Amino acid sequence: MFILGVVAIVLIAGAIALRPRIARADLVKEGQFAPPFSTQMITGDQQTPVSLADFHGKKVILYFYPKDDTPGCTKEACAFRDGYARFQNAGLVVLGCSIDSADAHRQFIQKYSLPFSLLLDPDRKIATSYGAANGIPILGLDRRVTYVIDENGKVLKVYPNVDPSTHAIEILNDLGAADATPIPPEATPTPSAD
């Protein structure tokens, strides 16, 4: 029995080590056109169709994150929430994107009173086209990366190394859209009443 157990462990370890790795695609580069997408978005409790073309003439902040309602992703979403008025005043559209379901997005939006939309990407087509897929391969989660897309659909800025706590204010500063009242450096998640 002991030998069978050892053989089984060796076979399982070998299968894991030899399985094909899913390579990450390259990030879209600044100056390139942003890959078009069509999907569904969750805004509040509503689900509606959306495409990148719907935002022509506006700057879009498209941020990819691993998973709804996890510590880093919550911190990042709440920082965007806390600075949302400034994004709006600067004419910037904020869109989050992950592999989570419509129900998970709705719960995340409701729990933390997120005023912006979250895109559905269950088949990872959007994340793959932007080089954000397979950021955490063992868990099948996307990597944390943000794109600023200009009014004509070109990538203006890429943020491949995101600090969830300070990322929103970093974008506002980089785009010259921050006002005199800074976003608190530790935007703490504030769940809404259930």
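Which residues in H2 meet which residues in H6? In this predicted model, Glu 76, Ala 79 and Phe 80 of H2 are in contact with His 167, Ala 168 and Ile 171 of H6. By class, the residues of this contact comprise 4 nonpolar, 1 polar and 1 charged. Helix H2 spans residues 71-82 and helix H6 residues 167-174, and their axes come within 8 Å, crossing at roughly 45 degrees.

Strand S1 (residues 38-43) and strand S2 (residues 46-51) are antiparallel and pair over 6 bridges. Thr 39 stands opposite Val 50 of S2, and Thr 43 stands opposite Gln 46 of S2. The hairpin of S1 and S2 has 2 residues between the strands, and Gly 44 adopts a positive phi near 65 degrees there. S1 also pairs with strand S5 (residues 117-120), again in the antiparallel sense, over 2 bridges. In this second pairing, Ile 42 stands opposite Leu 118 of S5.

In soluble globular proteins, nonpolar side chains tend to be buried together. The largest nonpolar core of the model contains 29 residues, and Phe 80, Phe 87 and Phe 116 have the most contacts inside it. At least two residues of this core are supplied by each of S3 (59-64), H2, helix H3 (84-89), strand S4 (92-98), helix H4 (102-112), S5 and H6. H2 provides the largest share, with 5 residues. Phe 80, which also takes part in the contact of H2 with H6, touches Ile 61, Tyr 63, Phe 87, Val 94, Phe 116, His 167, Ala 168 and Ile 171, leaving aside neighbours within four places in sequence. A second, separate core has 25 residues, including Val 28, Met 41, Val 50 and Phe 55.

One of the contacts of Phe 80 is Tyr 63, a residue of strand S3. Tyr 63 has 0% relative accessibility and therefore counts as buried. Not counting residues up to four places away in sequence, Tyr 63 is in contact with Glu 76, Ala 77, Phe 80, Val 94, Leu 95, Gly 96, Cys 97, Phe 116, Leu 118, Val 145 and Thr 146. Of these, Leu 95 lies 32 residues from Tyr 63 along the chain, and the C-alpha atoms of the two residues are separated by 6.3 Å. Glu 76 and Phe 80, both touched by Tyr 63, are also among the H2 residues that meet H6.

How values were computed
Residues are numbered from 1 along each chain as its sequence is written. This is a predicted model: local features need pLDDT of at least 70, side-chain atom pairs count only at pLDDT 80 or more; totals for chains, interfaces and linings use all residues. Side-chain values use heavy atoms; hydrogens and water are left out. Two strands pair if DSSP finds at least two bridges between them. Helices (H or I, at least four residues) and strands (E, at least two) are DSSP runs, numbered from the N terminus. Axes are lines fitted to C-alpha atoms, for helices over the stretch in contact, and angles run from 0 to 180 degrees between N-to-C directions. Contact means heavy atoms within 4.5 Å. Ala, Val, Leu, Ile, Met, Phe, Trp, Tyr, Cys and Pro count as nonpolar, Asp, Glu, Lys and Arg as charged, and the others, Gly among them, as polar. A nonpolar core is a set of buried Ala, Val, Leu, Ile, Met, Phe, Trp, Tyr and Cys residues joined through side-chain atoms within 4.5 Å. Buried means under 20% relative accessible area, exposed over 50%, partly exposed in between (1.4 Å probe, protein chains only).
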